[in-house]
Amino acid sequence: MSCILHIETSAQMCSVAVSEDSHVIYHDESESTQKGASAERLGAMVDEALSFTDSHAIPFDAVAISAGPGSYTGLRIGVSMAKGVCFGRDLKLIAVPTLELLCVPVLLHQELPDDALLCPMLDARRMEVYAGVYDRALHSVRGVQADVVDSDTYRPWLDRQPVYFFGPGARKCMDIIDHPNAHYIDGIMPMARWMQPLAERRLLDGRTEDVAYYEPFYLKDFVAKPSKDLLRAVADK
């Protein structure tokens, strides 16, 4: 099996985890209300994770990074750290989409109907979110976009089946999307300790990244053209 170092820096909280043979054996999290303060702790958190595995003589196979979308600064710091570890230890690099990552604790710990759709959301300030729509097998029903949320934004799916909204951006939608098929799950954050199943599957499938040239999923990669407010919000991060 495999041992993977996981790094998550897409949102306000940054976190690090280590998984071995499909089990998380180490994790650490840091959250701060000050912009960038959590990411500044990332170096020490990664060093502690590496010291833990080295002291147990556990060899790494890969480093997994949360690929975005998310904070430009956070993603850039996380990817730089991951690349440094990969180059220093000759490891493979795995990119885990952040919105898929948000779905993992929901799929593991929530009872959902068979036809449920998942809508993970990351906060983009004001009434905008980064969001995607997935089925329970994590097949994309609608690609990742920067959405301005109003009562009709997700109506095409809500009119057909239950949709579960969650993640750091979902709370701002609770009073706006009033539909009998809309359900909200609170407390779901992108965390490194949830990356294991997605990262391990990518490693087994050979879906790794070029360490030298990999870039995370920044705002410029969206299919939908973002608004000026969203561009300004990301620039402020």
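This is a predicted model: local features need pLDDT of at least 70, side-chain atom pairs count only at pLDDT 80 or more; totals for chains, interfaces and linings use all residues.
Arg201 and Asp205 form a salt bridge, and their closest N and O atoms are 3.3 Å apart. Asp205 has a relative accessibility of 43%, so this residue also counts as partly exposed.

Next, select Asp152, Arg155 and Asp159. Salt bridges with shared partners join these three residues into one network. Within the selection, look at Arg155 and Asp159: the closest N and O atoms of this salt bridge lie 3.7 Å apart. Arg155 is partly exposed, because its relative accessibility of 31% falls between the cut-offs of 20% and 50%.

Go on to Lys172 and Asp123. They form a salt bridge, with 2.5 Å between the closest N and O atoms. This pair links distant parts of the chain, 49 residues apart. Lys172 sits in the loop between strand 9 (163-166) and strand 10 (182-185), while Asp123 belongs to strand 6 (residues 117-123). With a relative accessible area of 32%, Asp123 is partly exposed.

How many salt bridges does a search of the whole structure find? The search finds 12. Side chains of opposite charge can pair when their charged atoms come close.

The last stop concerns aromatic rings. Select Tyr154, Phe165 and Tyr184, which ring pairs link into a cluster. The count of aromatic pairs comes to 3. A pair of aromatic rings is described by the distance of the centres and the angle of the planes.

Definitions and conventions:
Residues are numbered from 1 along each chain as its sequence is written. Side-chain values use heavy atoms; hydrogens and water are left out. Rings of Phe, Tyr and Trp (its six-membered ring) pair if their centres lie within 6.5 Å; planes under 30 degrees apart count as stacked, over 60 as edge-to-face and the rest as tilted. A salt bridge is a side-chain nitrogen of Lys or Arg within 4 Å of a carboxyl oxygen of Asp or Glu. Helices (H or I, at least four residues) and strands (E, at least two) are DSSP runs, numbered from the N terminus. Buried means under 20% relative accessible area, exposed over 50%, partly exposed in between (1.4 Å probe, protein chains only).
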